[in-house]
Amino acid sequence: MGLADELKIGRGITAVIGSGGKTSLLDALARELSGTVVLTTTTHVMPFACPVLPDADERAVEQALWYSRVVCVGTPTGDSTGKLAAPRLKMRTLSVLADYVLVEADGAARHPLKAHADYEPVVPAGADRVVQVVGASGFGQPVAQAVHRPEVFCKLAGCDAADVATPALVARAIAHEHAGGLKADVLLVSQVTPQGEKDVRSFEQALREEGDQTPVVTWPALA
(Lines give C-alpha, C1' and ligand atoms only; values in the text may rest on other atoms or scores of the structure.)
Protein backbone atom coordinates (compact mmCIF):
# COMPACT_ATOMS: atom_id res chain seq x y z
CA MET A 1 0.00 0.00 0.00
CA GLY A 2 1.34 3.43 -0.94
CA LEU A 3 1.62 6.42 1.35
CA ALA A 4 -1.35 8.20 -0.25
CA ASP A 5 -3.51 5.13 0.29
CA GLU A 6 -2.43 4.76 3.91
CA LEU A 7 -3.26 8.39 4.56
CA LYS A 8 -6.51 8.09 2.55
CA ILE A 9 -5.67 11.07 0.38
CA GLY A 10 -8.62 11.74 -1.92
CA ARG A 11 -9.21 14.31 -4.62
CA GLY A 12 -9.67 17.85 -3.44
CA ILE A 13 -7.75 19.80 -0.80
CA THR A 14 -5.37 18.13 1.63
CA ALA A 15 -3.76 20.31 4.30
CA VAL A 16 -0.54 19.16 5.98
CA ILE A 17 0.23 20.53 9.45
CA GLY A 18 2.63 19.79 12.30
CA SER A 19 6.38 19.27 12.11
CA GLY A 20 9.11 16.88 11.11
CA GLY A 21 8.66 16.42 7.40
CA LYS A 22 5.71 18.38 5.96
CA THR A 23 7.53 19.50 2.82
CA SER A 24 8.98 16.04 2.24
CA LEU A 25 5.52 14.55 2.65
CA LEU A 26 4.00 16.93 0.10
CA ASP A 27 6.77 16.12 -2.35
CA ALA A 28 6.31 12.37 -1.85
CA LEU A 29 2.55 12.58 -2.30
CA ALA A 30 2.88 14.69 -5.44
CA ARG A 31 5.13 12.04 -6.98
CA GLU A 32 2.84 9.19 -5.96
CA LEU A 33 -0.60 10.54 -6.88
CA SER A 34 -1.67 9.76 -10.42
CA GLY A 35 -3.67 12.90 -11.26
CA THR A 36 -2.75 16.55 -11.62
CA VAL A 37 -1.40 18.21 -8.48
CA VAL A 38 -1.06 21.78 -7.25
CA LEU A 39 1.44 22.27 -4.42
CA THR A 40 0.85 25.42 -2.41
CA THR A 41 0.80 26.95 1.07
CA THR A 42 -1.18 29.12 3.44
CA THR A 43 2.01 30.16 5.25
CA HIS A 44 5.50 30.29 3.71
CA VAL A 45 7.28 27.55 1.77
CA MET A 46 10.31 27.20 -0.44
CA PRO A 47 9.34 26.54 -4.08
CA PHE A 48 9.07 22.86 -4.91
CA ALA A 49 11.13 21.14 -7.62
CA CYS A 50 8.50 21.53 -10.32
CA PRO A 51 7.21 24.41 -12.48
CA VAL A 52 6.54 27.39 -10.20
CA LEU A 53 3.70 29.80 -10.97
CA PRO A 54 4.04 33.05 -9.01
CA ASP A 55 0.90 35.23 -8.90
CA ALA A 56 -0.85 32.89 -11.33
CA ASP A 57 -4.42 33.35 -12.49
CA GLU A 58 -6.77 30.51 -13.39
CA ARG A 59 -5.74 30.40 -17.03
CA ALA A 60 -2.03 30.22 -16.17
CA VAL A 61 -2.59 27.29 -13.80
CA GLU A 62 -4.82 25.49 -16.29
CA GLN A 63 -2.28 25.87 -19.08
CA ALA A 64 0.65 24.83 -16.89
CA LEU A 65 -1.14 21.62 -15.92
CA TRP A 66 -1.42 20.68 -19.58
CA TYR A 67 2.38 20.51 -19.75
CA SER A 68 3.30 19.39 -16.24
CA ARG A 69 1.30 17.05 -14.00
CA VAL A 70 2.59 18.84 -10.87
CA VAL A 71 2.93 22.61 -10.43
CA CYS A 72 3.69 24.89 -7.48
CA VAL A 73 1.48 27.96 -7.03
CA GLY A 74 2.12 30.84 -4.63
CA THR A 75 2.88 34.50 -4.17
CA PRO A 76 6.52 35.62 -3.83
CA THR A 77 7.21 37.04 -0.38
CA GLY A 78 9.53 39.63 -1.88
CA ASP A 79 12.26 39.08 0.69
CA SER A 80 15.66 37.40 0.54
CA THR A 81 14.34 33.97 1.56
CA GLY A 82 12.91 33.22 -1.87
CA LYS A 83 9.87 31.67 -0.24
CA LEU A 84 6.31 31.67 -1.51
CA ALA A 85 3.27 32.78 0.46
CA ALA A 86 -0.37 31.88 -0.13
CA PRO A 87 -1.60 32.13 -3.73
CA ARG A 88 -4.06 34.80 -4.74
CA LEU A 89 -6.38 32.16 -6.13
CA LYS A 90 -8.73 30.51 -3.64
CA MET A 91 -7.93 26.93 -2.69
CA ARG A 92 -11.33 25.77 -3.89
CA THR A 93 -10.63 27.35 -7.27
CA LEU A 94 -7.34 25.46 -7.46
CA SER A 95 -9.19 22.26 -6.59
CA VAL A 96 -11.36 22.74 -9.67
CA LEU A 97 -8.28 23.16 -11.87
CA ALA A 98 -6.31 20.20 -10.47
CA ASP A 99 -7.24 16.76 -9.17
CA TYR A 100 -5.31 17.31 -5.95
CA VAL A 101 -4.36 20.44 -4.02
CA LEU A 102 -1.69 19.75 -1.41
CA VAL A 103 -1.24 22.59 1.07
CA GLU A 104 1.51 23.20 3.60
CA ALA A 105 -0.58 24.88 6.28
CA ASP A 106 1.81 25.19 9.22
CA GLY A 107 5.33 26.23 10.15
CA ALA A 108 7.71 24.57 12.59
CA ALA A 109 11.06 26.35 12.06
CA ARG A 110 12.68 22.98 11.25
CA HIS A 111 11.87 21.43 14.63
CA PRO A 112 10.74 17.78 14.69
CA LEU A 113 7.92 18.52 17.17
CA LYS A 114 5.48 21.38 17.53
CA ALA A 115 2.73 22.91 19.63
CA HIS A 116 0.37 25.43 18.07
CA ALA A 117 -0.28 29.06 18.89
CA ASP A 118 -3.89 30.22 18.89
CA TYR A 119 -3.65 31.43 15.27
CA GLU A 120 -2.18 28.15 13.97
CA PRO A 121 -2.43 26.12 11.85
CA VAL A 122 -3.80 27.98 8.82
CA VAL A 123 -5.98 25.21 7.40
CA PRO A 124 -7.80 26.43 4.28
CA ALA A 125 -11.56 26.61 4.42
CA GLY A 126 -13.10 23.57 2.82
CA ALA A 127 -10.08 21.30 3.29
CA ASP A 128 -11.13 17.73 2.60
CA ARG A 129 -8.42 16.11 4.73
CA VAL A 130 -5.89 17.25 7.33
CA VAL A 131 -2.69 15.29 7.92
CA GLN A 132 -0.67 16.12 11.05
CA VAL A 133 3.03 15.20 10.90
CA VAL A 134 5.01 14.32 14.04
CA GLY A 135 8.79 13.90 13.80
CA ALA A 136 9.90 10.84 15.77
CA SER A 137 13.47 12.19 15.85
CA GLY A 138 12.25 14.58 18.55
CA PHE A 139 11.41 11.78 20.99
CA GLY A 140 14.01 11.68 23.74
CA GLN A 141 15.31 15.21 23.16
CA PRO A 142 14.78 18.10 25.60
CA VAL A 143 11.53 19.92 24.96
CA ALA A 144 13.36 23.23 24.56
CA GLN A 145 15.48 21.75 21.78
CA ALA A 146 12.98 19.57 19.92
CA VAL A 147 9.73 21.53 20.06
CA HIS A 148 8.63 24.62 18.16
CA ARG A 149 6.75 26.79 20.68
CA PRO A 150 7.96 24.88 23.78
CA GLU A 151 6.07 27.19 26.12
CA VAL A 152 2.77 26.16 24.53
CA PHE A 153 3.80 22.50 24.57
CA CYS A 154 4.66 22.67 28.28
CA LYS A 155 1.30 24.20 29.10
CA LEU A 156 -0.48 21.42 27.21
CA ALA A 157 1.66 18.56 28.51
CA GLY A 158 2.20 19.82 32.05
CA CYS A 159 5.98 19.76 31.88
CA ASP A 160 9.07 21.97 31.93
CA ALA A 161 11.10 23.01 28.88
CA ALA A 162 14.10 21.17 30.33
CA ASP A 163 12.16 17.89 30.46
CA VAL A 164 12.64 15.18 27.86
CA ALA A 165 10.00 15.03 25.11
CA THR A 166 8.93 11.46 25.75
CA PRO A 167 6.34 9.79 23.50
CA ALA A 168 3.85 10.06 26.37
CA LEU A 169 4.35 13.83 26.76
CA VAL A 170 4.05 14.37 23.01
CA ALA A 171 0.88 12.29 22.94
CA ARG A 172 -0.58 14.27 25.84
CA ALA A 173 0.12 17.61 24.15
CA ILE A 174 -1.38 16.46 20.85
CA ALA A 175 -4.43 14.93 22.52
CA HIS A 176 -5.10 18.17 24.39
CA GLU A 177 -4.79 20.16 21.17
CA HIS A 178 -7.25 17.86 19.44
CA ALA A 179 -9.65 18.09 22.38
CA GLY A 180 -9.37 21.86 22.12
CA GLY A 181 -10.48 21.89 18.51
CA LEU A 182 -7.36 21.28 16.40
CA LYS A 183 -8.53 19.20 13.44
CA ALA A 184 -6.47 16.24 12.25
CA ASP A 185 -7.88 13.29 10.32
CA VAL A 186 -4.68 11.26 10.62
CA LEU A 187 -1.31 11.49 12.38
CA LEU A 188 1.78 10.64 10.34
CA VAL A 189 4.78 9.83 12.53
CA SER A 190 7.77 10.48 10.30
CA GLN A 191 11.52 9.92 10.67
CA VAL A 192 10.91 6.46 12.17
CA THR A 193 14.03 4.31 12.36
CA PRO A 194 13.93 0.59 13.21
CA GLN A 195 15.28 1.50 16.63
CA GLY A 196 12.51 4.08 17.07
CA GLU A 197 9.56 1.78 16.41
CA LYS A 198 9.19 1.12 20.14
CA ASP A 199 8.77 4.87 20.72
CA VAL A 200 6.04 5.00 18.09
CA ARG A 201 4.16 2.17 19.80
CA SER A 202 4.49 3.99 23.12
CA PHE A 203 3.25 7.20 21.49
CA GLU A 204 0.17 5.52 20.04
CA GLN A 205 -0.61 3.73 23.30
CA ALA A 206 -0.32 6.98 25.25
CA LEU A 207 -2.52 8.74 22.70
CA ARG A 208 -5.25 6.14 23.21
CA GLU A 209 -4.90 6.40 27.00
CA GLU A 210 -5.53 10.13 26.60
CA GLY A 211 -8.78 9.26 24.80
CA ASP A 212 -7.56 10.33 21.33
CA GLN A 213 -8.55 7.89 18.60
CA THR A 214 -6.90 9.68 15.66
CA PRO A 215 -5.43 7.04 13.30
CA VAL A 216 -1.61 6.80 13.34
CA VAL A 217 0.49 5.99 10.27
CA THR A 218 4.29 5.62 10.36
CA TRP A 219 6.71 6.49 7.58
CA PRO A 220 10.49 6.23 7.75
CA ALA A 221 11.39 8.18 4.64
CA LEU A 222 10.66 11.74 5.69
CA ALA A 223 13.36 14.10 6.91
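This is a predicted model: local features need pLDDT of at least 70, side-chain atom pairs count only at pLDDT 80 or more; totals for chains, interfaces and linings use all residues.

Reader: What makes α6 (150-157) an element with a number of its own?

Author: Helices (H or I, at least four residues) and strands (E, at least two) are DSSP runs, numbered from the N terminus. The run 150-157 is named α6 by that rule.

Reader: Which residues of α6 are buried, and against what do they pack?

Author: V152, F153, C154 and A157 are buried in α6. The term buried means under 20% relative accessible area, with exposed over 50% and partly exposed in between (1.4 Å probe, protein chains only). The buried residues of α6 pack against α5, β9 (147-148) and α7.

Reader: Why is H178 called buried?

Author: H178 is found in helix α7. Its relative accessibility is 15%, which lies under the 20% limit, and therefore H178 counts as buried.

Reader: What makes the pairing of H178 with D212 a polar contact?

Author: A polar contact is a pair of N or O atoms within 3.5 Å; within protein, one must be able to donate a hydrogen and the other to accept it, and residues adjacent in sequence count only if both atoms are side-chain atoms. The side chains of H178 and D212 make such a contact at 2.7 Å, so the distance meets the limit. With neighbours within four places in sequence left aside, H178 is in contact (heavy atoms within 4.5 Å) with Q132, A184, L187, D212 and T214.

Reader: Why does P167 count as buried?

Author: P167 belongs to helix α7. It has a relative accessible area of 12%, and this is why it is called buried. Apart from neighbours within four places in sequence, P167 is in contact with F139, D199, S202 and F203.

Reader: Why is A28 given the word buried?

Author: A28 lies in helix α2. Its relative accessible area is 14%, so it too is buried. The C-alpha atoms of A28 and L3 are separated by 8.2 Å, although these residues are 25 residues apart along the chain.

Reader: What makes a set of residues a nonpolar core, and which have the most contacts inside the largest one?

Author: A nonpolar core is a set of buried Ala, Val, Leu, Ile, Met, Phe, Trp, Tyr and Cys residues joined through side-chain atoms within 4.5 Å. The largest has 28 residues, and L113, F153, V170 and F203 have the most contacts inside it. α7 gives the most to this core, with six residues. A second, separate core has 26 residues, including L33, F48, V133 and V186. In soluble globular proteins, nonpolar side chains tend to be buried together.

Reader: How do you know what is a cavity and what is a pocket?

Author: On a 1 Å grid over the protein atoms alone, a cavity is a set of points where a 1.4 Å probe fits but cannot get out, and a pocket is an open set with protein on both sides within 12 Å along at least five of seven lines; lining residues have an atom within 4 Å of a point. Grid points are joined across faces, edges and corners, and a volume is the space filled by probe spheres set on the points. The count comes to one cavity of 30 Å³ or more.

Reader: What is the volume of the largest cavity, and which residues line it?

Author: Its volume is about 60 Å³. The lining consists of S19, L113, K114, Q132, V133, V134, F153, V170 and I174. The largest share, three residues, comes from β8.

Reader: What is the volume of the largest pocket, and how does its lining divide?

Author: The largest pocket has a volume of about 600 Å³. Of the 21 residues that line it, K22, T23, E104, A109 and R110 are the closest to its centre. The lining divides into six nonpolar, ten polar and five charged residues. Here Ala, Val, Leu, Ile, Met, Phe, Trp, Tyr, Cys and Pro count as nonpolar, Asp, Glu, Lys and Arg as charged, and the others, Gly among them, as polar.

Reader: Which element gives the most to the lining of the second largest pocket?

Author: That element is α6, with three residues. This pocket holds about 190 Å³ of space, and its lining has four nonpolar, three polar and four charged residues.

Technical notes: Residues are numbered from 1 along each chain as its sequence is written. Side-chain values use heavy atoms; hydrogens and water are left out.
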